[in-house]
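Reader: I have the sequence and model open side by side, and I would like to know what stands behind the labels. Could you take me through them?

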Amino acid sequence: MASQDFNDLLAFVAVARERSFTKAAAELGVVQSTLSHTIKRLESQMGLRLLTRTTRSVGLTEAGERLLQSVAPRVEEIERDIDALMSLRDKPSGTIRITLSEHALEKTVWPKLAPVLKQYPDIKVEFSLHSAFRNIVEDGFDAGIRLGESVEKDMIAVRIGPDWRLVAIASPAYLKEHPRPKHPQDLLKHICIKRRAAAGGHYVWEFAKNGPDLRVRVEGQLTFNDSRAMIDAAVKGFGIAYVPEDMVTRHVRSGELVIVLDDWSPAFDGYYIYYPTSRQNSAAFKVIVDALRHHDAHRKRS
């Protein structure tokens with residue numbers, strides 16, 4: 001059917017529903033004379049009289065009644081389908097890919113997103129766990145999550161968590177056999193549990209207290225690239241580990257571990273989600289960012 005014929009049928013349905021050219025014209029947004037001409041053209045093309053007109057009312061002929069019963073349900077179905085499609089414009093849906101560290105996922109991201117995602121089943125999130133930095137544009141990620149000091153300067157960055165710090169911890173049994181360190185340089189005389197950095201080398205422990213940062217390259221028997229393994233080794237007395245404080249709160253409270261050099265452990269700028277400007281127009285992405293936002297604190301890098 002030609003588009004003009006379909007439009008004529010829509011015009012007929014509007015008049016038949018309203019039983020009025022005046023009301024139907026207002027509904028369709030056309031002048032009454034144009035609507036009247038449209039109905040006459042449809043009747044001419046079909047060779048049938050569809051409407052009966054008087055000065056006060058509009059009625060349906062038998063042919064008009066049958067046409068209305070045939071066409072109206074289909075028009076209503078199309079209107080419902082179009083309404084459903086239009087709702088997709090603002091309905092959060094789609095897949096969001098995020099690169100982040102295991103610590104960021106466990107302590108900041110997942111606790112905030114888990115309850116929100118249950119409300120939006122059409123949003124799919126893919127987490128890619130990497131301790132190394134990734135080029136989110138080249139690698140096809142929608143966003144990255146890193147400490148604020150590490151965020152790329154040409155990205156929009158939104159704070160998603162509070163400041164946190166790394167702390168040196170050891171078991172009471174280890175400290176019973178080794179003198180408690182009072183200065184970061186004392187670690188050179190201790191057995192330390194090392195961390196393998198993403199770039200391949202060993203992570204250098206960083207401390208600060210009333211002055212410039214102090215970096216200590218520790219030595220020890222064990223090296224891991226996972227904080228949980230480091231904590232377990234520390235609990236078993238294999239040495240001093242340097243791990244996120246929020247991962248050992250329970251161990252310190254129970255007495256399994258003791259924090260050493262507490263006043264030398266500086267706070268880091270908390271986690272931020274960062275992304276290119278082009279991502280902020282997605283409804284699904286907006287849900288993710290709003291769910292993660294930390295006390296509405298944000299900043300834009302330029």
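Author: Let's begin with a strand pair: S5 and S15 run antiparallel, and four bridges join them. One of the pairings in S15 is that of Tyr271, the bridge partner of Leu147. Before we go on, please keep in mind that this is a predicted model, in which local features need pLDDT of at least 70 and side-chain atom pairs count only at pLDDT 80 or more, while totals for chains, interfaces and linings use all residues. Residues are numbered from 1 along each chain as its sequence is written, and side-chain values use heavy atoms, with hydrogens and water left out.

Reader: What makes S5 and S15 a pair?

Author: Two strands pair if DSSP finds at least two bridges between them. S5 and S15 have four, so they meet the rule. S15 also pairs with strand S6 (residues 156-159), in the antiparallel sense and over four bridges. There, the bridge partner of Arg159 is Tyr272.

Reader: What handedness does the crossover from S3 to S4 have?

Author: The chain passes from S3 through helix H5 (residues 102-117) to S4, and this β-α-β crossover is right-handed. The label applies if, with the strands pointing away from the viewer, the path from the first strand over the helix to the second runs clockwise.

Reader: Why is S15 called largely enclosed?

Author: Buried means under 20% relative accessible area, exposed over 50% and partly exposed in between (1.4 Å probe, protein chains only). Five of the five residues of S15 (residues 271-275) are buried, so the strand is largely enclosed by the rest of the structure. Side chains in a regular strand alternate between the two faces of the sheet. In S15, Tyr271, Ile273 and Tyr275 are buried on one side, and Tyr272 and Tyr274 on the other.

Reader: What makes Gly270 a buried residue?

Author: Gly270, in the loop between S14 and S15, has 0% relative accessibility and therefore counts as buried. Contact means heavy atoms within 4.5 Å, and beyond four places in sequence Gly270 has such contacts with residues including Leu147, Arg159 and Trp164. Pro162 is another of these contacts; Gly270 and Pro162 are 108 residues apart in sequence, with their C-alpha atoms 5.0 Å apart.

Reader: Is His294 buried or exposed?

Author: Buried: its relative accessible area is 16%, which is under the 20% limit. His294 lies in the loop between helix H9 (283-292) and strand S16 (298-300).

Reader: Why are H2 and H3 called roughly perpendicular?

Author: Helix H2 (residues 21-28) and helix H3 (residues 32-46) pack at about 100°, with axes 9 Å apart. Angles of 65 to 115 degrees count as roughly perpendicular, under 35 as roughly parallel, over 145 as roughly antiparallel and the rest as oblique, so H2 and H3 are roughly perpendicular to each other. By class, their contact has six nonpolar, three polar and no charged residues.

Reader: What makes the phi of Arg19 worth a look?

Author: Most residues other than glycine have a negative phi. Arg19 has a positive one, near 55°. Arg19 is partly exposed, with a relative accessible area of 37%. Leu261 also has a positive phi, of about 55°, but Leu261 is buried, at 5%.

Conventions:
Axes fitted to C-alpha atoms, helices over the stretch in contact; angles between N-to-C directions. Helix = DSSP H or I, 4+ residues; strand = E, 2+ residues; numbered from the N terminus. Nonpolar A, V, L, I, M, F, W, Y, C, P; charged D, E, K, R; others polar.
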